[in-house]
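Here is a friendly walk through one part of the structure shown below. Please keep the view open as you read.

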Amino acid sequence: MSVAGIVELFESGGGVFLTPAERIRETLVGINALVFDWDGVFNDGSKGEGAPSSFSELDSMGTNLLRFGWWLRNEGRLPLVAIVTGQDNPTARILAARERFQAVYSGFLDKGLALDHLESHFGIEPERVAYCFDDVLDLSVADRCGLRFLVRSAGSPLLLDYVRDEGLADYVTASRGGQGAVREVSELLLGLEGLYGQVVGERSAHTDLYATYLAQRNANESRVFRSCPGGEGVEQD
């Protein structure tokens, strides 16, 4: 499908391109890390005593397909994948361990510290990060990243206007957190790369090529990093 066809398809579903799709596609070439906020992105952000956060298998599959596509495009090199959350979210750690995301940044009220650590520890420059986020605490990170995807919320229309006016996002999802927003971003990027058909075909048939990717993905260690008291540094669990 052409880039124009991708735009028409996603806009018809309610997605909004704040940056032209062709420019997003061009920027993708230099991206080598995928960073996701947790609450409001993988779920609807609901909290309660004894009620852990959740994630959807729809979104989990999206992250896997997207990583497979990156691996195909980059001749066997995997992107770094990280979750950054302001709270202690055990479910985020469970998903990251199962899917072999390389990092979870837990308890980072200043999420910019996590971005700094990605650069100093993993060698990932902010302009090479694609960031998926939903709220005010994410804006300082979004301002520094190469690509930014805002997960839509019906309750924050003024935030959407602010993000648009300040140039802090490239695309706004039609889907809401916990309702396929991560999958939407994953499919959009695969579509813009022209990889969607190959990725789905290889994955659905569980070909030898996909098996090779999966073995390499599963060799990753998933590490949890925490913000030190007072925000004076980062420590590993």
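## What covers helix α4

The cover over the buried residues of α4 includes α3 (57–73), β3 (80–85), β4 (103–106) and α10 (208–218). Here contact means heavy atoms within 4.5 Å. Helices (H or I, at least four residues) and strands (E, at least two) are DSSP runs, numbered from the N terminus.

Before going further, a word on the source: this is a predicted model, where local features need pLDDT of at least 70, side-chain atom pairs count only at pLDDT 80 or more, and totals for chains, interfaces and linings use all residues. Residues are numbered from 1 along each chain as its sequence is written, and side-chain values use heavy atoms, with hydrogens and water left out.

## The buried face of α4

Helix α4 spans residues 90–99, and its buried residues are Thr91, Ala92, Leu95, Ala96 and Glu99. Viewed down the axis of α4, these buried residues fall within an arc of 135°, so they line one face of the helix. The arc is taken from the directions that run from the helix axis to the C-beta atoms. Buried means under 20% relative accessible area, exposed over 50%, and partly exposed in between (1.4 Å probe, protein chains only).

Just after α4, you will find Arg100 with a positive phi of about 60°.

## How α3 meets α4

How do the axes of α3 and α4 cross? They come within 12 Å and cross at roughly 40°, which makes α3 oblique to α4. Axes are lines fitted to C-alpha atoms, for helices over the stretch in contact, with angles from 0 to 180 degrees between N-to-C directions. Angles under 35 degrees count as roughly parallel, over 145 as roughly antiparallel, 65 to 115 as roughly perpendicular, and the rest as oblique.

On the α3 side, the contact is made by Glu57, Ser60, Asn64 and Arg67, and on the α4 side by Leu95, Arg98 and Glu99.

## Two residues to look up

Arg73 sits in helix α3 and is partly exposed, with a relative accessible area of 24%. Arg73 and Val29 are 44 residues apart in sequence, while their C-alpha atoms are 9.3 Å apart in space. Leaving aside residues up to four places away in sequence, Arg73 touches Leu28, Val29, Ile31, Glu193 and Leu195.

Is Asn43 buried or exposed? Asn43 is buried, with a relative accessible area of 4%, and lies in the loop between β2 (33–37) and α3. Among the residues it touches, beyond four places away in sequence, are Trp38, Ser53 and Gly177.
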